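Here is a short briefing on one model.

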Amino acid sequence: MSTEHSAALDGLQLDVAVIGAGVGGLYALYAMKNKLGLNAQGFDEADDVGGTWYWNRYPGCRVDTESTVYTYSFDLDMFQNWQWSERYAQQEEVQAYLSAVADKHDLKSSINFGTRIAKADWLEEEGQWQLTTKTGEKIKARYVIESVGLLSSSYAPSFPDQEKFKGEVLVSSKWPKEDPDLSDKRVAVIGTGSTGIQVITSLAGKVKHLHVLQRTPQWVVPLGIGPFPQDTRERIKKDPKGYRDWALDTASVFGFQESTTPALSVSEEERQAIFEAAWQKGNGFEFLLGTFSDLVVTPEANKTATDFIKSKIDAIVKDPDTARKLTPTDYYAKRPLAADNYYAVYNRDDVSLHDVKTNQIERFTENGLIIGGEEVELDVVIMATGFDAMTGNYLKIDTTGRDGVKLKDEWSDGPHTYAGLAVSGFPNLLMVFGPFSPFTSQPLVHEWQVDYFTDLIEKAEEVNGVIDVEKSAQEDWVGICQEGMAGTLFEVTDSWINGANIPGKPRTSMWYMGGMSNYMVEMNKIRDEGYRGFEISKSRVPCLEDQE
Ligand code: NA7
């Protein structure tokens, strides 16, 4: 369904509205239609499926989670036979995969593309939601599933006099569909997070000059780009469910088993060998979580990793002043970064590193940027400045629940959810990977969560009920998550993980840090105790079948 049909949207009555057509939204739509047989429609502002993979088509964009776990398992045939070409799929390949899943299961015909849901109001008398699109159409749905993306709400700061700049400003997460030719351009990249390092390693040597505008250096390890590993392909082919269950039964669901060995429990020699092997293999998550068990827990253990990476920076980067600028001073406890040959980029004559914490970006001019009082002439400025993570896209929808309570007020001091799935006072609103979900890779976890609330919805359907959450259960969950976060160095290290990247955003925990395996145990216990903490009460609106 496209925007041309949007007139038909006004007055639409649905069982389920699924907001977002990315990894989680596509599967939620599939589950509602095919498992529960409900009248479900998807909505997405983009004109195709893909979610974050639709928008982030910047140079060098690829998953840095192994493709083996960046996949669905519900379609076992596709899980076994999809031919990922690389260990870390590039954006085009992920987009092609999601499109193929949607085509195979005929999901696109049930998605209203080019449609942004701007408002959601719970109608207590009717026991259902009214959604309002950006262009004013009103849709009613008994359930709303929000799969709006953990990292989809773009953040791009504005610098003074931007309108005077004669060149082009590009935002990595809103990259033009027609890839611009940057080959003879002087390009600046603002930001050195996961996105920035992919853009930087991709453009170095391919543009006239690359200026990296770094505010805070980060610890970066190799990614290990290469072909999809044949042994894993065979393992999945032989026992797809077994592989899926094994991956889910880890803490982070990144396709490796986390270490249980504390860093200081082994000799210096052994520790160096373990770090070196991980460095040679590549993968940021495996380096952080697969080498030792306590790198993100104790400062002493963390220092063993940062000393190792620092020794690599010093060995790779020829200019000592550049090496110093590239060396972080904070813990290795942000979302771990990985890119091949990242530090070597700075040995190139056509790459310049600017420390914009010391010499700030002051303003644009017609010809470039003033940095620390000096003009740097540029043709293109790329903003790789991140996202209003976790809560951003939920809060962009003006959501009003029971008794006129606004989600933005409920979350004014940070998010509150029950298990990352639902919010007390916002009935029949289910979230895929909402705040306080486990700190993991996503696709298999999205699937698991969707399956979980699909069963819950089925139960509610049996009694024509409305699902809400007990406030006390929600606050207990939030408490567990806050305690879990407080035991880690993530809490004290500024990043999007704790909201510190967005000026004015409450700095708070937004994750269940107990790992996916424990999350599943806890959630299964909740289910076995009659969905403890969830409330299913009688609804006033008859389901669609009853109306006919
Ligand atoms: P990140 O990891 O939040 O990185 C954003 C980068 O942009 C980071 O280096 C920031 O520096 C920098 N930034 C932000 N605002 C500014 C200003 N005003 N001036 C200079 N530099 C700035 O976002 P990514 O998109 O790279 O990655 C997010 C996730 O998306 C990633 O982890 C994947 O899971 C997918 P700072 O560190 O704040 O000083």
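**Domains and ligand site**

The protein splits into domain 1 (3-49 + 107-153 + 389-547) and domain 2 (190-383). These bounds come from an automatic or database domain assignment. This is a predicted model: local features need pLDDT of at least 70, side-chain atom pairs count only at pLDDT 80 or more, and totals for chains, interfaces and linings use all residues. Residues are numbered from 1 along each chain as its sequence is written, and side-chain values use heavy atoms, with hydrogens and water left out.

**Domain arrangement**

- The centres of domain 1 and domain 2, taken over C-alpha atoms, are 32 Å apart.
- Across the interface, 20 residues of domain 1 are in contact (heavy atoms within 4.5 Å) with 21 residues of domain 2.

**Ligand surroundings**

- The ligand is surrounded by 19 residues (a heavy atom within 4 Å).
- The closest are Thr192, Thr195, Arg215, Thr216 and Arg335.
- Domain 1 and domain 2 each supply at least three residues to this shell.
- By class, the shell has eight nonpolar, nine polar and two charged residues; Gly counts as polar here.

- Polar contacts are pairs of N or O atoms within 3.5 Å.
- The side chain of Arg215 places an N or O atom 2.8 Å from a ligand oxygen atom.
- For Ser194, the side-chain N or O atom is 3.0 Å from an oxygen atom of the ligand.
- For Trp496, the corresponding distance is 3.1 Å.
- Taken alone, the ligand exposes 780 Å² (Shrake-Rupley method, 1.4 Å probe), and the protein buries 85% of that.

**Cysteines**

- The structure has zero disulfides (pairs of cysteine sulfur atoms within 2.5 Å).

Terms used. A polar contact is a pair of N or O atoms within 3.5 Å; within protein, one must be able to donate a hydrogen and the other to accept it, and residues adjacent in sequence count only if both atoms are side-chain atoms.
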